[in-house]
Amino acid sequence: MSEITTQRVYELLAEVSDPEIPVLSLVDLGVITAVTVQGDHVIIEMTPTFVGCPALETMQNEIRELLVKNGINKIDIEVTYRKPWTSDMISEKGKQALKKFGLAPPPSRQLFIDLDVLEHAECPRCGKTNTELKNTFGPTLCRSIHYCNDCREAFEQFKPL
Amino acid sequence: MHLPAIKELLYKIADDQLILGHRNSEWTGMGPLLEEDIAFSSMAQDKIGQSLALYTILQQLGEPPPDTVAFMRQGSEFHNCIFVELPNGEYDFSLVRHFLYDTGIAIRFEMLTSSSFQTLAELSTKIKGELRYHTLHANTWIKQLGSATPESINRLQTSLEYALPFALGMFEESPFEKDLAEQGIFDGEKILQERWQKKIGEVLAQTRLQLPPWNTIEIATGGRVGKHSEHLQPLLDEMSEVLKIDPSAEW
């Protein structure tokens with residue numbers, strides 16, 4: 001068996017997708033905050049998008065399953081808030097994937113001072129901002145609901161956090 | 001680090017979040033409009049998730065596992081304030097409680113971001129960001145309905161006057177105030193209450209609701225020392241019903 005490297009672990013983790021947003025890998029989502037390899041022992045630090053995220057356990061199970069399948073058996077996954085997740089931790093690639101999926105990527109959190117920023121989200125279909133905020137709470141904790149006046153259709157946005 | 005002091009602090013915050021989270025979840029399928037149904041359900045999920053994270057810290061400090069403390073304690077062992085266990089009533093009361101409570105808990109976690117207890121400070125930084133959505137939601141509705149029609153204003157005013165004595169019970173002091181402040185863990189209920197009163201006043205000043213003078217409000221205390229209203233036990237019974245029927249159930 002080839003030597004386990006941090007890079008190899010990251011490559012594998014890029015294959016694990018967010019159970020609620022399948023187009024996004026855990027790496028692009030930004031929830032993997034550190035990977036340490038000590039011989040055959042892999043230590044992964046991760047942090048949830050939202051503290052109450054119900055997908056966290058599924059994510060851990062999927063990581064374990066994939067690593068075991070690839071010959072890595074000594075795995076420790078630590079959930080920490082040392083480097084708390086923010087929506088700015090979604091990679092550029094991840095933001096593009098969200099948009100393609102029909103989910104508006106989050107605006108930079110520096111801009112999120114009040115509701116006004118959320119008021120006119122960019123529609124992932126037409127790219128315009130003739131839109132309205134319908135609800136800051138959506139089908140999952142990380143999404144809000146919007147309506148595009150041009151497309152005349154509802155869409156969701158990944159919330160800035 | 002003063003362990004009993006920090007445990008008391010963590011338990012009361014976690015219990016507040018768990019119990020109000022459960023109350024919020026009672027709006028699932030019952031909200032006055034779909035958006036509010038989703039909002040209260042989402043806030044329930046946030047709060048219960050946040051209580052789990054706090055119970056997990058308690059477990060690391062030697063307390064029983066989260067499910068055990070959440071589902072197996074007696075009412076008198078809960079440290080939540082009475083405010084959060086009160087039944088939802090009509091939407092006006094739920095909204096007023098949401099506003100008064102979430103303004104307070106948001107300031108509490110903001111204060112805790114600079115706690116000398118590092119684990120709690122880290123978690124608080126995270127939770128503070130999430131609670132912003134809760135306070136934005138509460139403020140938006142209070143401002144709108146607090147200035148809308150005579151009915152909406154009257155309803156909110158009545159609920160506000162009923163809620164305030166219980167709301168002040170959120171700041172019932174702990175026997176460890178001095179230890180917590182001296183060790184830089186938490187600056188204390190008094191400072192929190194002052195900041196809360198100021199914030200509540202600022203929002204209500206933008207409505208037609210009247211805030212009674214603070215010194216005329218009688219404070220409903222007891223929750224922090226396990227003296228609860230008759231409403232807590234039925235809530236706990238319902239919350240732990242499945243576990244008590246079948247302790248090995250998984251879902």
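Trainee: What makes something the largest nonpolar core here, and which residues have the most contacts inside it?

Mentor: A nonpolar core is a set of buried Ala, Val, Leu, Ile, Met, Phe, Trp, Tyr and Cys residues joined through C-beta atoms within 7 Å. Buried means that 20 or more other C-beta atoms lie within 10 Å of the residue's own; 12 or fewer is exposed, anything in between is partly exposed, and C-beta atoms are placed from the backbone. The largest such set has 104 residues, with B:Leu9, B:Phe83 and B:Ala167 having the most contacts inside it. Helix H5 (residues 91-112) of chain B supplies the largest share of this core, 11 residues.

Mentor: Keep in mind that this is a predicted model, where local features need pLDDT of at least 70, side-chain atom pairs count only at pLDDT 80 or more, and totals for chains, interfaces and linings use all residues. Residues are numbered from 1 along each chain as its sequence is written, while chains are lettered from A and ligands numbered from 1 in the order in which they are written.

Trainee: Which residues does B:Ala167 touch, leaving out those up to four places away in sequence?

Mentor: B:Phe83 and B:Leu100. Contact means that two C-beta atoms, placed from the backbone, lie within 7 Å.

Trainee: How many helices and strands does chain B have?

Mentor: 11 helices and 0 strands. Both are DSSP runs numbered from the N terminus: helices are H or I with at least four residues, strands E with at least two.

Trainee: How many residues of chain B are in contact with chain A?

Mentor: 21, against 15 residues of chain A. H6(B) gives the most to that side of chain B, with 11 residues. By class, that side has 8 nonpolar, 8 polar and 5 charged residues. Here Ala, Val, Leu, Ile, Met, Phe, Trp, Tyr, Cys and Pro count as nonpolar, Asp, Glu, Lys and Arg as charged, and the others, Gly among them, as polar.
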